[in-house]
Amino acid sequence: MTSRTCISRVLAIALAGSTHAAEPPRISPATDAASAGLLEIRTLAPRIELDIRYAGANNFTGARVPGYASSSCYLLAPVAKALAAVEGDLRAEGHALRIYDCYRPVRSVQAFMAWVQDPHEQSRKALQYPDLDKSRLLADGYIAERSGHSRGATVDLGLLDCRTGTCVVMDMGTDFDFFGVRAHTDAAGLTAAQRGNRQRLLQAMARRGFANYPQEWWHYTLQPEPDAGTAYDFPVR
């Protein structure tokens with residue numbers, strides 16, 4: 001299967017499942033990852049690099065996000081296995097993944113909603129959304145009241161170049177969680193290297209069944225989702 005055919009197939013699956021995904025999921029009573037059937041990605045890919053932004057202050061809110069007690073990456077088992085396969089594919093080519101977010105508790109999504117509705121907290125505007133009024137972040141689809149992350153099927157990530165033996169972050173054109181058109185996966189105005197890096201990530205993820213959210217080059221969801229009708233709210237520990 002060619003990369004173009006593979007990507008088209010994943011996008012078609014994503015569109016076919018969009019109606020079900022739009023329905024409000026039930027909140028699982030699970031109190032930890034084990035009871036929810038989520039795996040920590042490093043149990044399958046020990047070398048994968050984590051930079052879980054919401055567990056610290058280096059994120060668009062300027063503070064640690066409620067629900068993140070540690071820098072861990074939990075995903076439903078099929079999603080974790082597919083992501084570990086992507087990491088393996090890339091390592092064989094001299095590249096690797098850097099993970100910014102995985103499972104996200106419902107309470108964390110609610111904290112994002114509270115933040116976006118507070119017009120006074122704009123400490124990271126110059127870094128994260130310099131060209132947008134904060135009031136547009138919800139309307140323009142950058143902040144949402146529900147998230148695939150809470151269903152354990154979505155991951156935010158970028159690329160590393162490990163060909164010299166030391167892994168370095170590859171230039172994707174913007175930082176993670178940059179809100180604006182430059183972060184759109186197929187944005188205009190990118191350099192050839194930036195566009196090529198985004199395409200490398202897109203193709204690597206698509207080969208293992210992940211579909212990209214086109215407004216965010218870093219945002220991928222396994223399709224079809226293992227359980228699009230269930231969200232979780234236990235803290236990331």
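So, the rings. Tyr54, Phe60, Tyr68, Tyr100, Phe112, Trp115, Tyr129, Tyr142, Phe176, Phe179, Trp217 and Trp218 are linked into one cluster by ring pairs. Keep in mind that what you're looking at is a predicted model. The count of aromatic pairs comes to 14.

Let me pick out a couple of those. Tyrosine 142 pairs with phenylalanine 179, and the geometry is tilted: 5.7 Å centre to centre, with 40° between the planes. Where do tyrosine 142 and phenylalanine 179 lie? Tyrosine 142 is in the loop between α7 (136-139) and β6 (154-161), and phenylalanine 179 is in the loop between β7 (168-169) and α8 (192-207), so this pair ties together parts that are 37 residues apart in sequence. As for burial, tyrosine 142 and phenylalanine 179 are both buried.

Next one: phenylalanine 176 with tryptophan 218. Here we get edge-to-face, 5.5 Å between centres and 80° between planes. This is another link between distant parts of the chain, 42 residues apart: phenylalanine 176 is in the loop between β7 and α8, while tryptophan 218 is in the loop between β8 (210-212) and β9 (219-222). Again, phenylalanine 176 and tryptophan 218 are both buried.

Okay, on to the nonpolar core. The largest one has 60 residues, and the members touching the most others are Leu83, Leu97, Ile99 and Phe210. Which elements give two or more residues to it? That would be α3 (33-36), β4 (74-76), α4 (77-92), β5 (95-101), α5 (106-116), β6, α8 and β9. The largest share is from α4, with seven residues.

Last stop, valine 236. You'll find valine 236 in the segment after β10 (230-231). Is valine 236 buried or exposed? Buried, with a relative accessible area of 1%. And who's around it? If we leave aside neighbours within four places in sequence, valine 236 is in contact with Gly67, Tyr68, Ala69, Ser70, Ser72, Tyr74, Tyr103 and Pro105.

Definitions and conventions
Residues are numbered from 1 along each chain as its sequence is written. This is a predicted model: local features need pLDDT of at least 70, side-chain atom pairs count only at pLDDT 80 or more; totals for chains, interfaces and linings use all residues. Side-chain values use heavy atoms; hydrogens and water are left out. Rings of Phe, Tyr and Trp (its six-membered ring) pair if their centres lie within 6.5 Å; planes under 30 degrees apart count as stacked, over 60 as edge-to-face and the rest as tilted. Helices (H or I, at least four residues) and strands (E, at least two) are DSSP runs, numbered from the N terminus. Buried means under 20% relative accessible area, exposed over 50%, partly exposed in between (1.4 Å probe, protein chains only). A nonpolar core is a set of buried Ala, Val, Leu, Ile, Met, Phe, Trp, Tyr and Cys residues joined through side-chain atoms within 4.5 Å. Contact means heavy atoms within 4.5 Å.
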